[in-house]
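Please keep the view open while working through them.

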Amino acid sequence: MIVDKLSIFGTDNIGVFIFTNDKYTIMPKIDDKEVIEKIQEVLKTEIIQTTVARSILVGVLVSGNNDTILVPKTILDDELKIIKEAAKDVRVEVVNIKPTALGNIILCNTNAALVYPELTDIELERIKKSLGFEKVKRGTIANILTVGSVAVITNKAGLVHVDVTEEELNELSEFFKVKLDTGTVNFGSAFIRSGLVANSNGVLVGSSTTGPEILRIQRAFSD
Amino acid sequence: MSEQVQQEVKKEEEQKQLTEKQEETKKEEKKEERKTQTKEVEKERKKSTKKEKENFEMVVNFRRVFMGRRTVRAKRAIKLIRYIVHRHFDAEKVIIDPLLARAISTNGKDKIVRKVRIAVKKVGEKTYLVRLAIKQ
């Protein structure tokens, strides 16, 4: 498992700009070739460069797993077309629910999904339908409602908010069927999704992440 | 005869040139190899120096310690250091150097310093020693 540091647009919060699964990486347009090469080298995926709803915060607005990419209802037709043309192996679903920051409210891997506790029943059903499995439940992580922002979970492992209790961690681990660990990114930030991009091949972290933090991340995501 | 001799001389010259070229290319290759080797060695040195770095220095800001009761500020500051080290290093036991505790309350227990620079060192399995970082 390769762990590398990255910074884009002059900020360490790389997770708000990049969404990735094992096959594709969606990110806004960047002229810097070195950054793109680095992402391809570490994550080993195809790169799709587009905005979502004219916003560069792709990581916040997009969620999904290796089979499905969920995009918000505010996405423009051109952007949807670009994603659908590039990502032919996976389903691209537009989720018609009131909140649009799907990256913040849906935490999922191929086995299960944890969603924002204030979603209505109809919205939950729509998410279940678009994901294609029934193992979807409402919940919180360390009393934080936006579950997608405080954890990153892949099909192999995951990293969760540092203040989570042991019972909660075991529950989450059983629910997602992967081993989980706690940690921080970017010198003490507990909002892991904002500073970490990961799939089964590699991990990218914000450039201000310290040595001990990288050690914890490596331990969490190692096979 | 004279033509044959000239041809032989030409051939010899060509051979000489070829050998010179080959030698030059070999030299260049050797130079490149040396460069790559030196680069690798430098990288390894850098890595080793990174690994050898035992102390991790960080600055703890006591901004949040100042909120609340005045008489227990020093105690709260030490608790904050313990919490930060526990959070950052996944530590179970945090040992605080008495000199650091003294440095925090140099101006008295009610008027502690605003920030402190600490050096954290691993001394055992999930056990860390926190000392005052002194500028050299």
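1. In what sense do strand 6 and strand 7 of chain A pair, and over how many bridges? In this model, which is a predicted one, strand 6 (residues 68–72) and strand 7 of chain A pair in the parallel sense, and the pairing extends over five bridges. One of the residues to look for is Val71(A), whose bridge partner in strand 7 of chain A is Val94(A).

2. These strands belong to an open sheet of three strands in chain A, which has the order 5-6-7 and mixed pairing. Its edge strands are strand 5 (63–64) and strand 7 (91–95) of chain A, each of which pairs on one side only. Helix 5 (residues 121–131) of chain A lies across strand 6 and strand 7, and runs at about 170 degrees to strand 7 of chain A.

3. In helix 1 (residues 33–43) of chain A, the buried residues are Ile39(A), Val42(A) and Leu43(A). Seen down the helix axis, the buried residues of helix 1 of chain A fall within an arc of 80 degrees, and therefore they line one face of the helix. On the other side of helix 1 of chain A, the exposed residues are Lys33(A), Glu34(A), Glu37(A) and Glu41(A).

4. The buried residues of helix 1 of chain A pack against several strands of chain A, including strand 1 (2–6), strand 4 (46–49) and strand 15 (202–206). After helix 1 of chain A comes Lys44(A), which has a positive phi, near 55 degrees.

5. Six residues from chain A and five residues from chain B make up the contact. On the side of chain A that touches chain B, two residues are nonpolar, three are polar and one is charged.

Note on methods: Residues numbered from 1 in each chain as written. Chains lettered and ligands numbered in written order. Predicted model: local features only at pLDDT ≥ 70, side-chain atom pairs only at ≥ 80, totals over all residues. Buried ≥ 20, exposed ≤ 12 C-beta atoms within 10 Å, placed from the backbone. Helix = DSSP H or I, 4+ residues; strand = E, 2+ residues; numbered from the N terminus. Arc of directions from axis to C-beta. Contact = placed C-beta atoms within 7 Å. Nonpolar A, V, L, I, M, F, W, Y, C, P; charged D, E, K, R; others polar. Pairing = 2+ DSSP bridges. Axes fitted to C-alpha atoms, helices over the stretch in contact; angles between N-to-C directions.
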